[in-house]
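Colleague: Could you take one part of this model for a close look, describe what surrounds it, and then follow the neighbouring parts from there? Please state the cut-offs as you go.

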Amino acid sequence: MTDWQLKPSDLKRYPHFDQVLKPDEIVALVTSPTRVAQNSFFPLLRYTKRWQPFRPGRDSGKARPKPKDRPIRYAARRDAYIFAYYRHLLSGPYEAELERLGISHCPVAYRRIPTEGDARRGKCNIQFAQEAVARIRELGDCHGIAVDISNYFESIDHERLKALWCRLLDVERLPPDHFAVFKNITKYRVVDRVAAYRRLGFYGVKSFTKGGHPIEGYLVPYRDIPTQLCSPHDFRQKILGENGQYESLVIPNDLPHGIPQGAPISDLLANLYLIDFDVEMNALATSLGGTYVRYSDDILLILPVDEAEARRVMDELPERIRKFGDELVIKPEKSSLVRYVQEDDGQRCELVAGKGKNGLEYLGFRYDGRNVFLRDATVSNLYRKVASVARNHSEATVRRYPGKSYAELCQMFNFEQFSKRFGRVEGFEPASTARTWTFWTYVMRAAEEFGPLGKKITGQVARLRRHSRIRVDQEIEKALQRKAKSEASGEVNLS
């Protein structure tokens, strides 16, 4: 494939261990099999994203769920360009293989699937969820089975992945350049970002409390951290620990399974890995008159069968998927079996097993047989994001305008700019135009896509703007209180 083009939006400027490359140099690098085979890949930088899942009301009787951690790992710029190019090289053969096997409609994540009537616009999770709901309504009496693979990217078996890679290229052994990419996406290495920044002097003790306890943080603003974090010499000495003066910060993946979620090629490899499982499940669903789709690690079966048959299919899923890797495990706490019964005025849903008493949940939406809603967790995540961004913006506002009163700060706060920031929607595949959406665009598009079934969606976020304004005022007040407390405690600022 020679139609690959490097767009200005592809250029990466985030801090990492490598130097910034010019566009011509990037193209020369990635399109040279010899240079790719000889490329010295850098360790990935890693940080942990933590968030609090949906918290039920205090009167619900349910305990607050534990916070979730997601390790984010990202490659050095030159390595990311290589991964992106080889994703491009594999995507054509992968799409051709899906077509040959008759399963192009099954794996829907990370692919550009054109919208009917508008080939320029790719589908996103809204359309995929709408199609699932439409299929349930079409079948009338049916069962929906939704399951989730636990730690999917971490469970991908390396040898099986290599065999599938060879199959796509129709070779018995990977060429040296492809093998270099395979080796560095499987036997990858990581360095904790905070540990690296601390070692290089960008993170450390910023101040002390009155009692002498150190307070750590970033010693320089993010914008002042150099794009190339250190010289090659410092990388070898301070990160790799070559001379013995420093302990190595590099953590290798020595396991025979796992690829880093977030690398530019990982999404395609995750789709490829379960291609034969997709064939098997599609054949099963078709034989029962139903539908099978998979959105990365989210598996959905819609089957017009009785409860006994639906339970049998659901109970067999863990064993079926284990045939494709010993580490592949279905999350029982995230599995659900929901029955839909056709009635004169719509459908009625009943929970048969697992979660989902108010309807089947899929790709951020819930269908109860009458209406489609945003999942409670989706709305909760939005409010969590509002709180987080409000806190950060309020802290910045208080620092920027010292001596201003609470009322003055509330009046000066740029609420419109704040709204645009928290309103962005994350989690769409790169090919989708939805990358530029705000949450408001997302809500309106979802309500439009689902038609009369989606009339409840806008009502779920009707109070968001008022809530956001109240939260901003609260965070400004808290920021002022924290500042006053800090000054009273006598913190010694080292910066």
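Modeller: In helix H9 the buried residues (under 20% relative accessible area, with exposed over 50% and partly exposed in between, for a 1.4 Å probe and protein chains only) are Ser-266, Asp-267, Leu-268, Leu-269, Ala-270, Asn-271, Leu-272 and Tyr-273. H9 spans residues 266-273 and is mostly covered, with 8 of its 8 residues buried; helices (H or I, at least four residues) and strands (E, at least two) are DSSP runs numbered from the N terminus. This is a predicted model, in which local features need pLDDT of at least 70 and side-chain atom pairs count only at pLDDT 80 or more, while totals for chains, interfaces and linings use all residues. Residues are numbered from 1 along each chain as its sequence is written, and side-chain values use heavy atoms, with hydrogens and water left out.

The cover over the buried residues of H9 includes helix H3 (77-101), helix H5 (158-169), helix H6 (176-186), helix H10 (275-287) and strand S10 (291-295), where contact means heavy atoms within 4.5 Å.

Among these covering elements, H5 and H6 have axes that come within 11 Å and cross at roughly 150 degrees (lines fitted to C-alpha atoms, for helices over the stretch in contact, with angles from 0 to 180 degrees between N-to-C directions). H5 and H6 are therefore roughly antiparallel to each other, given that angles over 145 degrees count as such, those under 35 as roughly parallel, 65 to 115 as roughly perpendicular and the rest as oblique. On the H5 side, His-158, Leu-161, Lys-162, Trp-165 and Leu-169 meet His-178, Val-181, Phe-182, Ile-185 and Thr-186 of H6. The residues of this contact divide into 6 nonpolar, 3 polar and 1 charged, where Ala, Val, Leu, Ile, Met, Phe, Trp, Tyr, Cys and Pro count as nonpolar, Asp, Glu, Lys and Arg as charged, and the others, Gly among them, as polar.

Another mostly covered element is strand S5 (residues 142-148), with 7 of its 7 residues buried. Cys-142, Gly-144, Ala-146 and Asp-148 point one way from S5, whereas His-143, Ile-145 and Val-147 point the other way. S5 pairs with strand S12 (residues 336-343) in the antiparallel sense over 5 bridges (two strands pair if DSSP finds at least two bridges between them), and Cys-142 stands opposite Tyr-340 in S12. To strand S11 (residues 298-303), which runs antiparallel to S5, there are 6 bridges, and here Ile-145 stands opposite Leu-301.

Ile-145 is also touched by Met-314, as are Ser-335, Ser-336 and Leu-337, not counting residues up to four places away in sequence. Met-314 is found in helix H11 (residues 307-322), and because its relative accessibility is 13%, Met-314 counts as buried. Met-314 and Val-147 are 167 residues apart in sequence but 8.5 Å apart in space, C-alpha to C-alpha.

Finally, 3 strands form an open antiparallel sheet in the order S14-S15-S16, with S14 (360-362) and S16 (372-374) as the edge strands, each pairing on one side only. Helix H4 (residues 125-139) lies across S14, S15 and S16, running at about 10 degrees to S15.
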